[in-house]
Each structure stands twice: as structure tokens, then as C-alpha cells.
Amino acid sequence: MAEKKKKSAATSSSGASDSLLNMVWFGAVAYALFLFLVNAYVIRLQAIEEYGPVIHEFDPYFNWRATQYLYENGYKKFFTWFDHKVWYPLGRPVGTTIYPGMQFTAVFLKNYVFGESMTLNDICCYIPAWFGVLATILVGCIAYETSLSVNSGGTLIGVAVDALKGQYTKSEDMTAKSVTRRLFGYESPAVECAIFAMGFMGIVPAHLMRSVGGGYDNESVAVTAMTLTFYLWLRSLRNGEKYNYLFGILAGVAYFYMAAAWGGYIFVLNMVGAHAAFLVLMGRFTSSVYLSYTLFYAVGTLLAIQIPVVGWSPLKSLEQLPACAVFVGYQLLHYCEVMKKKNKWGRKEAWKFRIRVFGIAAVLGTMFILAVTPKGYFGPISSRVRGLFVPHTKTGNPLVDSVAEHQAASQQAYWQYLHMLCFMAPIGFFMVLFRFGDSSCFLFVYATAAYFFSHKMVRLILLAAPISSCLGGIAVGRIVSWSASVLLGEGDEPLERKDTNDAKPKQEGKKKKKSSSSSNESMAGFKAISNGFSEASNSYEGKIVKSIAAVVMCASLYMQATTFSTYSWRISASLSNPSIILKGRTHDGNIIKVDDYREAYWWLRDNTPDDARIMAWWDYGYQITGISNRTTIADGNTWNHEHIALLGKALTGSVEEGYQIARHLADYVLIWGGGGGDDLAKSPHLARIANSVYRDHCPGDVTCRAFGFVDRQGTPSPMMERSFLYNLHSHKLKPGVEADPTKFKEVYRTKYGKVRIFKLLGVSSKSKAWVEENRECDAGGWFCPGKYPPGLKEILDKKKDFAQLEDFNRGTKDDEYQKEYFENLNNPELAKQRARMNEKREEETQKPKKTLSDEEKIEIYSTWEDTADTTLMWQIVTTNAIDDLKRWLDQDPGAAWLRSADGRGPMWWAFESKNQDIVSILMTAGVPHTDKDKNGLSPVDLLKE
């Protein structure tokens with residue numbers, strides 16, 4: 001009896017100790033959760049605290065204007081809104097070309113949550129911070145779900161071995177055999193993983209760059225919608241629950257919100273589809289998985305196609321059809337499984353039936369594709385998406401390539417936006433491979449895709465923020481949980497997992513069935529090693545080593561976390577600059593706020609007629625309409641490549657040519673100056689875009705290298721110096737540069753000279769009236785696109801519609817343009833030399849054709865030296881640039897007689913390249929082919945070699 005009392009007292013004491021420990025654990029978790037979420041919110045408010053509730057950047061101003069229209073006019077008018085203040089004279093149907101999820105969210109909050117207590121502008125400014133915190137919480141939920149014992153009991157190797165053997169890994173074998181349960185049934189280390197994932201996501205710069213206060217952009221809401229979709233999808237896969245697939249319906253609804261918020265919904269759809277396909281490859285196709293994906297895809301697609309901008313694209317767009325193919329495949333697989341169970345087939349018979357079913361489906365699918373493709377059923381892959389899969393970083397579209405965010409990510413960019421997650425996320429990734437399950441393997445798929453896409457386009461590092469935070473949280477959470485258990489002595493006797501719902505009494509003396517899956521058998525060797533290591537680590541010496549390791553790891557993580565937090569706050573301060581307001585430093589050292597851009601827009605609003613049309617580069621269109629409420633020529637929607645090319649031609653063409661275009665389209669011209677990223681710095685991109693449609697803009701120079709600066713001192717090239725833009729930008733700022741007073745009048749210059757506004761003189765009132773009177777409306781009466789005035793017919797007749805590489809439905813190609821475009825991008829020096837040649841040719845068109853005397857030929861031919869001209873000639877000959885060679889020889893016949901320091905010239909290089917066409921051109925010019933070089937070799941000798 002005494003011994004029983006002692007045991008009872010010890011058990012009671014142990015229980016009290018465990019309860020106290022759990023209470024301390026719960027308090028620490030609650031404090032960390034509170035701290036991380038507060039930090040996640042406060043760090044996003046720096047811009048609002050310093051600059052007030054100001055909308056940032058360019059695109060957010062369009063979102064703000066659309067939100068305002070929705071709030072004032074209601075959703076019915078919103079979806080039939082054709083805006084004639086943009087893309088003049090064409091206009092744009094806004095309601096059917098916008099992802100309206102964020103706008104509807106803001107209006108809902110205004111009408112039903114805040115009412116008159118908060119203005120619509122303020123709500124729009126705070127939404128990124130609010131949704132940034134929500135995304136932080138959801139990333140924690142994903143980390144928790146994927147770290148639960150029921151979702152992380154297998155290994156990638158074991159599951160793969162099972163799949164290769166044609167066997168399904170049993171659900172009980174995908175569940176961890178031991179787990180520590182804390183208060184309210186929460187598991188450790190899943191909770192720790194969730195908390196630290198939230199800590200990372202709350203302040204990681206990759207997420208901050210699209211969620212600071214004032215950054216009212218689609219991504220600020222979309223990241224939350226994306227993580228919600230991913231969490232609900234993973235929740236629907238939780239092992240061991242009967243009706244978990246119903247979460248697939250909620251995932252479909254969340255996907256609908258994602259589709260309404262951002263065009264990146266395609267990534268979300270394909271991630272879920274890819275994960276569903278991966279589960280099949282891993283032998284994890286079950287009725288629960290089938291129901292989860294079927295419900296997700298059916299509900300999500302049915303809702304998504306109700307969004308006007310999405311429409312039927314989930315069933316037509318090549319970017320979205322992979323998920324549809326997985327859906328069809330799931331139906332076929334389920335049918336095969338039903339027939340297998342019904343007929344009690346073995347493995348061989350089941351596989352034969354599957355092959356027949358999928359073979360018939362493949363034939364029918366091929367017939368369908370062949371029938372509908374010629375009719376243009378399938379939509380093309382967009383140039384932005386195409387750019388993610390080509391070996392180079394350019395898309396072939398100069399408009400897309402001009403955007404800095406579309407360039408490839410560098411190692412420096414990853415460190416800038418992810419910092420310590422660059423090494424913590426890979427550790428978490430490695431841990432997931434050995435804690436594998438239906439949900440946790442999603443992290444494997446997501447991480448692989450996120451790295452691939454973010455590496456191709458720096459903007460998409462945003463997509464890497466949730467998965468990096470999740471993996472980093474799993475790594476830190478498991479390390480901290482293990483360290484705590486070691487230091488508290490919990491690791492000596494791990495608590496065996498108990499299923500409180502289906503607790504079964506131990507049955508001693510009975511033989512267990514030998515029904516372990518092949519994954520367990522395949523891992524027997526690893527388990528033996530693991531058991532041996534476990535025994536060693538539980539020895540006295542092992543406990544000391546583990547304790548030291550735990551202290552060192554926790555201390556190291558603390559220092560790294562402190563550095564990461566400090567860095568993130570510093571980066572957040574730079575990201576919080578609204579760009580429309582700048583900070584500057586005066587000569588006496590005082591820091592000032594430069595508000596030139598808004599001042600210019602306010603001036604337009606207050607000093608120009610309501611119907612005034614403003615010509616400016618497309619970047620500023622959203623801000624002009626959003627703040628000034630004036631008509632613009634183009635904006636950041638960039639839906640019409642040819643229209644932007646016309647704007648580019650006006651700005652980068654000659655003064656006379658630009659003026660003749662502008663007077664039919666605009667009343668005022670707005671120019672950004674002041675250095676940095678002003679209009680002159682952007683202008684080479686403008687010229688390149690113009691030339692993609694108007695090929696006479698830079699004749700023989702696809703990438704318009706003739707337009708730009710010729711040195712680092714900012715000396716303009718002749719083409720730039722003649723341009724409409726340069727003359728307005730440098731008006732009375734550079735010696736000898738002054739805008740034609742009969743065409744332009746400077747009416748406003750901001751305080752610090754960042755913006756200049758010119759009034760166009762001699763504007764065609766006839767063209768302006770013609771545009772107003774000649775809009776054609778459809779039967780609904782609201783879709784009323786405009787037309788170009790007749791005054792632009794001569795210039796428009798010269799355009800050639802830009803053929804996207806991926807648009808196979810148009811039936812037109814522009815292979816020659818694309819070939820030269822990529823050649824020039826890959827060899828910019830050669831492109832610059834070509835541009836100089838074209839410039840010289842233009843300058844000498846009025847001069848009589850140059851001829852060489854025999855004495856001049858001998859003088860050139862006898863001079864052996866390496867020069868820029870010999871290098872250019874070698875490049876032209878070896879790349880078979882025949883047209884370039886002909887143009888050069890036309891303007892300078894002596895180029896055919898050039899010789900480098902080794903005694904070789906174009907004739908040698910032509911023979912060496914076996915280029916008969918160039919040999920013929922050189923022979924016609926009189927160049928001999930029997931002379932010797934420095935080594936005594938003639939051109940013919942090189943051919944023999």
C-alpha cells in the first residue's frame with residue numbers, strides 16, 4: 001500500500017509539473033503570437049505615420065479611382081463602365097477588364113464596417129497593412145497544418161518507393177508515431193512552427209514590398225487570398241478525418257476571391273493542380289483526395305468564370321488548362337478505382353483497364369484539340385508568362401522587356417528580399433522531405449515552383465515570401481521545440497501519441513499482423529541507424545552534448561533573428577517611400593519633402609479645362625486621371641501595344657513629327673525631369689517600343705541603339721537630340737536647346753523642377769470634335785470605343801501591328817524582327833556599331849557617293865592594326881550580317897580593305913567562315929584573295945584548312 005501511495009504521489013507530482021510546463025508553454029506561445037502580429041502591423045504603417053494616408057506608386061491610383069467609382073455608382077454601373085478619360089481616343093471598358101476583388105473589399109469595409117468613421121481613401125491606404133497581418137496568420141496556419149503528426153509521418157524516399165512498387169502508402173504509416181500534446185489539444189512542434197512562420201512572414205521584405213500602408217495594389221490583398229486558398233486546400237487533405245474534403249468547397253470559394261483580386265490566380269490554380277497530380281505520382285490518390293480536388297476545381301471554376309475579366313479562360317487559356325487536365329484525369333482515375341473494387345481486379349487487370357480508359361480519353365482529347373484549334377478556341381500564352389519559360393530573360397516584346405520588375409532575379413535580390421530565409425528555408429525544405437505527408441508535400445511542390453518562377457522574374461519573389469516563411473518557420477520551430485525538450489528533460493521519454501477519439505486498449509500476448517507498408521520495410525536500415533543514434537543520445541554523455549547543442553543553436557538563432565528584424569525594419573523604411581513624394585537634402589543639410597508630382601497634377605486639375613487631354617508617358621497615366629481627373633493618352637494597363645507605340649513615336653520622333661501627332665491627340669504635354677528615372681532616362685525604351693510597330697522610326701536598327709546617350713556625361717545621340725521629348729525636357733536648361741515657341745508654351749514648372757507642363761499651340765479642334773462625334777456603341781449602349789481622327793491617317797498607315805511570339809491565333813509572324821531583336825540584345829556592342837553606321841549613312845545621304853583611288857586602297861590595305869573598325873568588320877563577317885556590310889561599304893568603300901594586326905581582313909574571315917556571299921561582295925569591290933597574312937596564309941589557304 002505504501003508503494004502504491006508513493007507511485008500515486010509521484011504521478012500526481014508529475015501531472016502537476018506537466019500542467020505547469022504546459023501553462024508556461026501556452027503563455028510563451030501567446031506572447032510570441034501577440035508580439036509577431038503587432039510587429040507585422042506596425043512595420044507596415046511607417047509610410048502612413050510619416051507621410052499620412054497617401055496612395056503610393058502608379059497602379060494604386062487606378063485602383064483608388066476604380067474604388068471611388070464603384071462606391072459612388074454601385075456595382076451595376078461599375079461593370080458597364082466605359083472610361084473615355086483614358087487611352088484617348090480609344091477609351092477602355094474598365095468594369096470588364098479589371099480584377100475587382102480589392103475594390104469590392106474596400107467598398108464593403110466602408111459600407112458595412114467603418115461607415116462614416118473612416119474615409120474611403122484612408123481605408124484604401126490601410127488595407128495593405130490589414131491584409132498583410134491576415135496573410136501572416138494564414139502562413140502560420142499552413143505551417144501548423146503541414147507540421148501536424150497526421151500530416152508528416154512519412155518520408156519522401158519511403159513514399160516514392162511505395163509508388164514505384166505500385167502500392168499505396170497506408171494512412172497510418174503517414175502519421176508520426178509520437179507527438180507532444182499541449183493545452184487544448186495543440187501539438188508541439190506544430191505550434192512552434194506556426195508561430196515562427198508568422199514571425200518571418202510578418203516582416204520579410206519580400207512580402208513588405210507589396211503590403212506597406214498606402215500601397216493599394218492588387219497583390220496586397222491577393223497574397224492573403226492565395227494563402228487562404230492554400231490553407232483550406234491543405235486542410236481538406238488532413239489525414240484521418242471523415243469529412244475533411246468539405247474544406248475543398250471552402251478552398252474553391254477562396255480561389256474565387258483570389259481570381260477576383262489578381263491575375264496571379266493562375267499560379268494558385270496551377271499550384272493546387274500540380275500538388276494534386278504529385279499526390280497521384282506518389283501513390284496517394286484516395287477517395288478523400290479525389291473529393292477534395294474535385295470540389296475545389298468545380299466550385300472554384302464555376303465561381304471564377306462569373307468574373308468578367310476571367311470569363312471562360314479557365315477552360316480555354318493554355319496557362320490554365322493543366323489544372324483542367326488534372327481534373328479530368330482525377331475523374332478517369334476515380335472511375336478506374338470504382339471499377340477495380342467492383343470487379344475485384346488485381347493489380348495487372350487494373351492497370352490494363354486504366355491504360356484502355358486513358359488511351360480512349362487521349363484519342364478523344366486529341367480529336368477535340370484538332371477540331372477547335374483552327375477556330376481559335378485556345379487563348380495564347382501571355383508574353384509575361386512566356387518569358388518565364390524561355391532560356392533568356394527577354395520576351396521579345398520591348399514593352400514588357402522595358403519593365404524592371406520583369407527582369408531575372410539575382411542572388412543579391414534574393415538576399416535583399418529574403419535575408420536569413422535564404423539559408424533557413426532550405427533547412428526547412430530538407431526537414432519536410434523527412435516529415436512527408438499529403439499536406440506537407442505541398443510545400444515541396446510550392447517551393448520548387450516559387451524558386452523557378454522568382455528566379456526568372458524578380459517581381460515574383462513575392463510568391464516566394466509565404467513558402468520561404470513557412471519553411472523557415474518549420475526549421476526554427478522544430479529546432480526550438482527540440483532544444484526546449486532537451487533542456488527540460490522532455491526528450492528523454494517522448495510522450496506516445498494517443499488518439500482520444502479512437503482509443504483502444506493494449507492487447508498484450510496477441511500477435512500483431514505483419515502488415516507494414518513497403519515504405520517501412522524500405523526504411524528499415526535507416527530506422528536501425530536511428531534507433532542506435534537515439535540510444536547513444538540518451539546516455540549521460542549524449543544528454544550533455546545535446547544540451548550544449550541546444551543552447552548554441554538557440555543562441556545562434558536569436559542573434560540571426562535580431563539581425564533579420566533590424567534589417568527588415570530598415571528595408572521597410574525604404575519601401576515605405578510613396579515615390580509620389582520624395583525626400584531630399586538641401587545644400588545646408590536640411591531634409592525636405594519634394595511634392596512636385598502631386599503639385600503638377602493639382603495644377604492640371606485646377607488650371608485646365610475639364611476636357612483637357614494630357615500627353616505623357618504611360619507610367620503617369622494612372623496618377624493624372626486619379627488626381628487631376630484629366631484625360632490621358634495611355635496608362636499602366638498597357639492593353640494596346642500599337643497605341644503605346646504611337647505615343648512612343650510622338651515623344652522620341654523629331655520635333656515636327658511628334659508635334660504633328662500630338663496636336664491631334666492632346667492639349668498639354670507633361671514631362672518628368674530632374675534626373676534619375678526621368679523621361680529622358682526612360683526614352684530609349686520608348687524609342688524601341690515605337691520601332692516595334694513603326695519600323696521606319698529606327699530603320700535598320702531594331703532595338704533603336706541610335707537613340708540614347710553616347711557617353712556617361714549624358715551627351716545625346718543625334719537622334720535623341722532631334723527628338724520631341726529632348727527638346728521639351730531640356731528646354732532652356734541646356735545651351736542651345738529651346739522648344740519652338742510657335743508650337744509649345746511652358747505653362748508650369750514645379751518648385752524643384754521635377755515636372756514641366758507645356759501647352760500645345762495650334763491644337764486641331766477639328767480632330768477633337770471628330771473623336772467626340774464618332775464613337776460607335778454596341779447594342780447594349782455602354783460599350784463605346786473611340787476612333788483615331790482622320791488627321792493621323794498618314795502616320796497610322798505606316799504601322800505594322802506587333803505580332804506576339806505566342807499568339808498563334810493571329811496567323812501572322814514576324815520572325816525577322818524577333819531574330820534581329822534578340823541578336824541585338826545578346827550583342828549590344830554590335831547593335832551600337834550598327835546604329836552608328838546608320839547615323840553616318842543618314843548624315844551622308846546628301847553627299848555624293850565616295851570612291852577610292854588606287855593609292856588610297858593601297859594605303860588602307862598596307863596598314864595592319866587592330867581597331868574598333870576591324871573588330872566590327874570581323875563581327876559582321878562572322879555573323880553573316882550582309883545588309884550591314886553593304887550599308888557600310890556604300891558609305892565607306894575603304895572598309896573592304898581593312899586589315900588587322902595579324903594581316904587578315906574581311907576576305908580572310910569570309911573564307912574562314914565559308915561565306916560565299918560576302919566573298920562575292922568583297923571580290924566585286926576588288927579585294928584580292930591570294931595575298932598572304934602575317935603567317936603566310938592566304939584566304940584560300942584558310943578554306944583548305
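**Salt bridges, disulfides and surface patches**

Colleague: Let's start with Lys-768. Is Lys-768 buried or exposed?

Modeller: Lys-768 is buried, because its relative accessible area is 19% and the cut-off for buried is under 20%. Keep in mind that this is a predicted model.

Colleague: OK, and which side chain does Lys-768 meet in a salt bridge?

Modeller: That would be Asp-667, with 3.3 Å from N to O. The two come from distant parts of the chain, 101 residues apart: Asp-667 is in the loop between H27 and S9, and Lys-768 is in helix H31, residues 765–773.

Colleague: What about Asp-667, buried or exposed?

Modeller: Asp-667 counts as buried, because its relative accessibility is 10%.

Colleague: Which Arg forms a salt bridge with Asp-667?

Modeller: Arg-613 does, and the closest N and O atoms of that pair are 3.1 Å apart.

Colleague: How many salt bridges does the count come to?

Modeller: The count is 28 salt bridges.

Colleague: Let's go further along the chain. Which residue forms a salt bridge with Arg-904?

Modeller: Asp-933, with the closest N and O atoms 2.8 Å apart. Here, too, distant parts of the chain are linked, 29 residues apart: Arg-904 sits in the loop between helix H37 (882–891) and helix H38 (906–912), and Asp-933 in the loop between helix H39 (916–924) and helix H40 (939–944).

Colleague: And is Arg-904 buried or exposed?

Modeller: Arg-904 counts as buried, since its relative accessibility is 15%. Asp-933 is buried as well, at 5% relative accessible area.

Colleague: Switching to cysteines. How many disulfides does a search of the whole structure find?

Modeller: Two disulfides turn up. One of them joins Cys-698 to Cys-704, with 1.9 Å from S to S. Cys-777 and Cys-784 form a disulfide too, with sulfur atoms 2.0 Å apart.

Colleague: What is the pairing, numbering the bonded cysteines in sequence order?

Modeller: The pairing in the protein chain is 1-2, 3-4.

Colleague: Is the link of Cys-698 and Cys-704 right-handed or left-handed?

Modeller: Right-handed, with 100° about the S-S bond. The link of Cys-777 and Cys-784 is right-handed too, with 110° about its S-S bond.

Colleague: Now the outside. Which residues form a nonpolar patch on the surface?

Modeller: Tyr-243, Leu-246, Ile-249 and Val-253 do, and together they have about 350 Å² of accessible area. Leu-246 lies in the loop between helix H9 (218–235) and helix H10 (247–261). At 42% relative accessible area, Leu-246 is partly exposed.

Colleague: And charge? Which residues form a negative surface patch?

Modeller: Asp-854, Glu-855, Glu-856 and Glu-859 form one. Glu-859 is in helix H35, residues 854–861, and Glu-859 counts as exposed because its relative accessibility is 56%.

Colleague: Last one: where does Leu-872 lie?

Modeller: Leu-872 lies in helix H36, residues 868–878. Leu-872 is buried, with a relative accessible area of 2%. From C-alpha to C-alpha, Leu-872 and Leu-885 are 10.0 Å apart in space, and they are 13 residues apart in sequence.

Note on methods:
Residues are numbered from 1 along each chain as its sequence is written. This is a predicted model: local features need pLDDT of at least 70, side-chain atom pairs count only at pLDDT 80 or more; totals for chains, interfaces and linings use all residues. Side-chain values use heavy atoms; hydrogens and water are left out. A salt bridge is a side-chain nitrogen of Lys or Arg within 4 Å of a carboxyl oxygen of Asp or Glu. Helices (H or I, at least four residues) and strands (E, at least two) are DSSP runs, numbered from the N terminus. Buried means under 20% relative accessible area, exposed over 50%, partly exposed in between (1.4 Å probe, protein chains only). Patches are made of residues with over 30% relative accessible area and no salt bridge: like charges are joined within 9 Å, nonpolar side chains (Val, Leu, Ile, Met, Phe, Trp, Tyr) within 5 Å. Accessible areas come from the Shrake-Rupley method with a 1.4 Å probe; for residues, only the protein chains shown count as cover. A disulfide is a pair of cysteine sulfur atoms within 2.5 Å. Lys and Arg count as positive and Asp and Glu as negative; His and the chain ends are not counted. The place of a charge is taken as NZ of Lys, CZ of Arg, CG of Asp or CD of Glu.
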